[in-house]
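Colleague: I would like to go through this model with you, one point at a time. Shall we start once it is on the screen?

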Amino acid sequence: PPDWRQAAERLECAAVHADTRSLTHEQAEAVKAAGYPLIVWTVNDAARGRELLSWGVNSLITDTPATLAAGL
């Protein structure tokens, strides 16, 4: 949501978890610039995983770990 940072600060979050379907590069940059680790779910496509990692995403959550790892 647009007020994600205020919510994260209010809740004293240690990290931000985001849905891969809606996360944009600009949003990822904002989360990283705010100093939060960024974890993205559910990433089952290796090409999308590579893209997200190139954005600075810290961790990917997947339903297909072997397939994703092989494609990364």
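Colleague: Is Glu-12 buried or exposed?

Modeller: This is a predicted model, where local features need pLDDT of at least 70, side-chain atom pairs count only at pLDDT 80 or more, and totals for chains, interfaces and linings use all residues. Residues are numbered from 1 along each chain as its sequence is written, and side-chain values use heavy atoms, with hydrogens and water left out. Buried means under 20% relative accessible area, exposed over 50%, and partly exposed in between (1.4 Å probe, protein chains only). Glu-12 has 71% relative accessibility, so the label is exposed.

Colleague: Where does Glu-12 sit, and what is its phi?

Modeller: Helices (H or I, at least four residues) and strands (E, at least two) are DSSP runs, numbered from the N terminus. Glu-12 falls in the loop between α1 and β1. Its phi is positive, in a residue other than glycine, with a value near 55°.

Colleague: How many salt bridges are there in the whole structure?

Modeller: Side chains of opposite charge can pair when their charged atoms come close. The criterion is a side-chain nitrogen of Lys or Arg within 4 Å of a carboxyl oxygen of Asp or Glu. A search of the whole structure gives 3.

Colleague: What separates Arg-5 and Glu-9 along helix α1?

Modeller: Their side chains form a salt bridge, 3.1 Å from N to O. Arg-5 is partly exposed at 38% relative accessible area, and Glu-9 is partly exposed at 44%. The two are 4 residues apart in helix α1, so the separation is about one helical turn.

Colleague: Which residue pairs with Arg-21, and is that partner buried or exposed?

Modeller: Arg-21 itself is exposed, at 72% relative accessibility. Its side chain meets that of Asp-19 in a salt bridge, 2.7 Å from N to O.

Colleague: Where is Asp-19, and which residues does it touch beyond four places in sequence?

Modeller: Asp-19 lies in strand β1. Its C-alpha is 5.8 Å from that of Val-40, 21 residues apart along the chain. Contact means heavy atoms within 4.5 Å. Leaving out residues up to four places away in sequence, Asp-19 touches Val-40 and Trp-41.

Colleague: How far apart are the closest N and O atoms of Glu-51 and Arg-48?

Modeller: Both belong to helix α3, 3 residues apart, so about one helical turn separates them. Glu-51 is partly exposed at 34% relative accessible area, whereas Arg-48 is buried at 18%. The two form a salt bridge, and the closest N and O atoms are apart by 2.7 Å.

Colleague: What is the C-alpha distance between Glu-51 and His-25?

Modeller: Glu-51 is found in helix α3. In sequence, Glu-51 and His-25 are 26 residues apart. In space, C-alpha to C-alpha, the distance is 9.2 Å.

Colleague: Which residues touch the most other members of the largest nonpolar core?

Modeller: Such a core is a set of buried Ala, Val, Leu, Ile, Met, Phe, Trp, Tyr and Cys residues joined through side-chain atoms within 4.5 Å. The largest one has 17 residues, and those touching the most other members are Leu-23, Leu-38, Val-40, Leu-52 and Leu-60. At least two core residues come from each of β1, α2, β2 (38-41) and α3 (46-54).

Colleague: Which residues does Leu-23 touch?

Modeller: Leu-23 is among the core residues that touch the most other members. Residues up to four places away in sequence are not counted here. The contacts of Leu-23 are Ala-18, Ala-28, Leu-38, Val-40, Arg-48, Leu-52 and Trp-55.

Colleague: Is Pro-37 buried, partly exposed or exposed, and which residues does it touch?

Modeller: Pro-37 is in the loop between α2 and β2. Its relative accessible area is 32%, so Pro-37 is partly exposed. Not counting residues up to four places away in sequence, Pro-37 touches Ala-14, Ala-15, Val-16, Val-31, Lys-32 and Asn-58.
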